[in-house]
Amino acid sequence: MGMDGFSFGTFQSERQFHIKALPEEVGGYVFLVGDPGRCPTIAQLFDNPVHIGFNREYNLYTGTMDGQKVSVCSTGIGGPSAAIAVEELVRCGAHTFIRVGTCGGMDLPVKGGDLVIAQSAIRAEGTSYEYIPQGYPASANFSVICALRDAAEALGKAEYHVGVVQSKDSFYGETEPDTMPVAYDLNQRVPAYVKCGCLATEMECAAIFSVGLVRRVRCGAILTALWNDGRTKTGLSDTPTQDSGNAIACAAEAMRLLIARDQQ
């Protein structure tokens, strides 16, 4: 038996090691955000939200939506911490996850302020390789993709794109590749991804989707494109933003659709 009642035997009745939650404190439907400060914003959409706890990068609230218990949990930045969050939330009974995050546009049609619904993620990171074999795709769940697409279409608040995103480990390796000793590799990979139609770059989807595949739970993601550096470099107009409101609204509507469809 470890600290705080945690056992590495993973008894379901005990508080999880990192998120510090008991199974009865977590909903089956979970919103995942990177920034702990975004959790209260999403929790305001719940009926009777309760703050479960805040440990390390993991800020957790639980309430209800349409009569079903739901949660929002932050994951911090990057795949390792996101994978920990999903693992421990699954151990508490969660089965459906929507990541609500941000990204940088890569494909030229993706402008700042657009929404990106990830159907799969390029595994240009490390965490997924400790879950699924090399060559196996990190794919989102089809029902979650459809719910996000239907929500984006119905709300009509922003232009949206559905497709492949790149998940990476180094933010500055992406934004300042020429400062890196491995600049040649970085500068070769990214244009190749763009030629294949990769929509955007971010840091968590591949890990989240890989955990979901292994643990047999549903995962998806909707991302706000903050900007598209490629548009700027090619002389196209862009509309940089820091506002995630449309993505949050779309994720909430998608979660309601999933809850309703699960009850049919």
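**Entry 1: strand pairing.** I looked up the partners of strand S1 and found that S1 runs parallel to strand S4 (residues 68-74), joined by five bridges. I count strands as DSSP runs of E, at least two residues long, numbered from the N terminus, and two strands as paired if DSSP finds at least two bridges between them. This is a predicted model, in which local features need pLDDT of at least 70, side-chain atom pairs count only at pLDDT 80 or more, and totals for chains, interfaces and linings use all residues. Residues are numbered from 1 along each chain as its sequence is written, and side-chain values use heavy atoms, with hydrogens and water left out.

In S4, Cys73 stands opposite Leu32. S1 also pairs with strand S5 (residues 96-105), again in the parallel sense, over four bridges. There Thr96 of S5 stands opposite Tyr29.

**Entry 2: cover of S1.** I checked residues 29-33 and found five of five buried (under 20% relative accessible area; exposed is over 50%, partly exposed in between; 1.4 Å probe, protein chains only). Tyr29, Phe31 and Val33 point one way from the strand, Val30 and Leu32 the other way.

**Entry 3: cysteines.** I searched the whole structure for disulfides (pairs of cysteine sulfur atoms within 2.5 Å) and found zero. Cys92 is in none; its nearest cysteine sulfur, that of Cys73, is 9.7 Å away. Cys92 is buried, at 6% relative accessible area.
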